[in-house]
Amino acid sequence: MATTEETANKAQHGGRLVAKALRSRGVEHLFTLSGGHLFSIYDGCKEEGIEIVDVRHEQAAVWAAEGYAKATRKPGVAALTAGPGVTNGMSAIAGAFYNRSPITILGGRAPEMRWGSGSLQEIDHVPFVEPLVKSAATVKDTAEIAARVAEAIDHSMAHPSGPTFLDFPMDTVFNAAESEPSGDPGFQAGDIADGIEEAAKLLAEAERPAIMAGTGLYWARGEDELRALAEALGAPVFLNGMGRGCLPADHELAFSRARGHGLKEADVALAIGLPLDFRLGFGGSFGEETKLVWLDSAPNDLHRNRTPDVELVGGIKPTLAAIGEAAAGADPSRTASWVAAVRATEDLKRAGEQEDLNDDRAPLHPMRIYKELAEVLDRDAIVIGDGGDFVSYAGKVVPTYEPGTWMDPGPFGCLGAGPGQAIGAKIAHPDRQVCLLLGDGAFGFSGMEFDTMARHGIPVVGVIGNNGIWALEHHPMMFLYGYSVAAKLRPETRYDQIAEALGCHAEIVREPDELKPALERAFESGKPALVNVLTDPEVVYPRKSNLA
Ligand SMILES: Cc1ncc(C[n+]2csc(CCOP(=O)(O)OP(=O)(O)O)c2C)c(N)n1
Ligand SMILES: [Mg+2]
């Protein structure tokens, strides 16, 4: 039996136990903004060799953790101080929930021994964080810390993945105890869903099959199985959310502009890892006659929108592999004319974009930026969108060739997510280009994170589409009311000078032919950079609806 002395020697303070648990799960970075409630966690991270990346607003810490997770499919971790630190992080936590991003949020918390006596920043976070996460709890026993932190990370990674939250009363996390994390369970692919035969038969016999895959596919690491199945079936593939890049944009079965055609006219469609929400017309993006096979790691809770003909609930990766095996008899060449028809639509739509891409007006047409950018970006560049119309254009025309190389706020749609996500992505992949596309409105939410990039030497290249308005609100309101309010910003604001003052490389671009050299200088500068491109506020994005 251990003597009291031996036990005391092995005891470590709670912050160290947190850090040990992070280490046990391969976590190398903690994104945070300082607060006294977190000091022992910082001390533990220092001891365990976990790098602390401190940002300028707590939501950016959460978005950075999310950007890291999105870029790596490994857990991202943020620490938020008690009270306002946690409340400031809530929008970002909610966004991560909708994106199924596997992040763990560690909260400081007023001491348990004084709970109820009105300590500084004393508030119970759990009830208001709970609806935004997979699990939320307070750890009140120091000896439980390592196991609970490891468990929270494992739970965030388990499918369907998503954020988890733990907070630590100051006394719990400053006190010492013995505590060890459990062993790392590693990636869990999940089980094959029931219903494979039926799904495979439908898909193998389809004349006009189509596949629509989203964020769930990415987290399930299902890109190889997707590709194999699409090729075996001869099925056009459409991707959204974090699904983008799971089939390279230049694959013969990858389509982006012809989605309406491909989904509406498919006789059988396979939807993978995406809810039938507004992004899929509440299920109406598929034709009324289309037989819908739906696969996800969690049950479909949007039956009110559309009930799929076959519902598969299980591990996405092994289920896709099993469908592939069961459908092995399909002849992919039978769909050649269907694929050619969808390709014709794709080509036609792309041809229709050429005029805007080559538009030589000044201030620039936003599409012109994407033409120039395409010539500067590497195939594995990570592109992050944060803004309104400027990013809608990007979503349409920026090609994605590898999984995890496109990021946006996701369906929760919170402006300001970009700079934090870019910080996380660049830390995860220092050797790759990380390009952050910002509306001028969006810049206002997290622009101070260019200071974080400069202090920590994180050379993200930001590009602002500066039209002097909140275009995605201004134009729809004009359309509906004939006037707009609350939709103007100052024209030609020198956001580049702000970035320069923060220690970044910065340029302003007024003419189209200045753009490419400016982008090249920005990437070559080796510093965080901001290219402030003046764009034409009169350009109206062709939007059907933005309210529902
Ligand atoms: C936190 C938050 N507030 C408000 C909105 C509503 N909103 C969506 S797009 C948009 C306009 C964005 O303007 P900007 O970033 O300048 O891009 P632009 O549309 O002008 O290209 C607004 C205000 C939002 N999505 N998120
Ligand atoms: Mg704008």
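Me: Before we start, what are the ground rules for numbering and for which atoms count?
Reply: Residues are numbered from 1 along each chain as its sequence is written, while chains are lettered from A and ligands numbered from 1 in the order in which they are written. Since the model is predicted, local features need pLDDT of at least 70 and side-chain atom pairs count only at pLDDT 80 or more, with totals for chains, interfaces and linings using all residues; side-chain values use heavy atoms, leaving out hydrogens and water.

Me: Which protein donors does the magnesium ion (ligand 2) have?
Reply: Donors here are N, O and S atoms within 2.8 Å of the metal (3.2 Å for Na, K and Ca), and water is not among the atoms, so sites may look incomplete. The protein donors lie 2.0 to 2.1 Å from the magnesium ion. They are D440 (OD), N467 (OD1) and I469 (O).

Me: What spacing do the donors of that magnesium ion follow along the chain?
Reply: N467 and I469 are both buried, where buried means under 20% relative accessible area, exposed over 50% and partly exposed in between (1.4 Å probe, protein chains only). Along the chain, the donors of the magnesium ion (ligand 2) are spaced D-x26-N-x1-I.

Me: Moving to ligand 1, which residues come nearest?
Reply: A residue is near a molecule or strand if one of its heavy atoms lies within 4 Å of it. There are 18 residues around ligand 1, and they divide into nine nonpolar, six polar and three charged. For those classes, Ala, Val, Leu, Ile, Met, Phe, Trp, Tyr, Cys and Pro count as nonpolar, Asp, Glu, Lys and Arg as charged, and the others, Gly among them, as polar. The ones that come nearest are D389, G413, D440, G441 and A471.

Me: How far is the polar side-chain atom of D440 from an oxygen atom of ligand 1?
Reply: A polar contact is a pair of N or O atoms within 3.5 Å; within protein, one must be able to donate a hydrogen and the other to accept it, and residues adjacent in sequence count only if both atoms are side-chain atoms. For the D440 side chain and a ligand oxygen atom, the distance is 2.7 Å.

Me: Which element gives the most to the shell around ligand 1?
Reply: Helices (H or I, at least four residues) and strands (E, at least two) are DSSP runs, numbered from the N terminus. Elements giving two or more residues to that shell are α16 (389-397), α18 (440-446) and α20 (471-481). With four residues, the top contributor is α18.

Me: Why is one side of β15 and of β18 left without a neighbour in the sheet?
Reply: Two strands pair if DSSP finds at least two bridges between them. The open sheet has six strands with parallel pairing, in the order β15-β14-β16-β17-β19-β18. One side of each of these two strands has no neighbour because β15 (406-407) and β18 stand at the edges, each with a single partner strand.

Me: How many residues of β14 are buried?
Reply: Strand β14 covers residues 382-386. I382, I384 and D386 point one way, V383 and G385 the other way, and all are buried. β14 runs parallel to β16, joined by five bridges, and V383 has C435 as its bridge partner there. So the count, from the definition of under 20% relative accessible area, is five of its five residues.

Me: Which residue in β19 is the bridge partner of V509?
Reply: In β18 (residues 505-509), four of its five residues are buried. Five bridges join β18 to the parallel strand β19 (residues 529-534). The partner of V509 is V533.

Me: Is R73, with its positive phi, buried or exposed?
Reply: R73 isn't a glycine, yet its phi is about 60°. R73 sits in the loop between α4 (58-72) and β4 (76-80). At 13% relative accessibility, R73 counts as buried.

Me: Where is P160 placed?
Reply: The peptide bond from H159 to P160 is cis, with omega near -10°. P160 belongs to the loop between α7 (145-157) and β7 (164-169).
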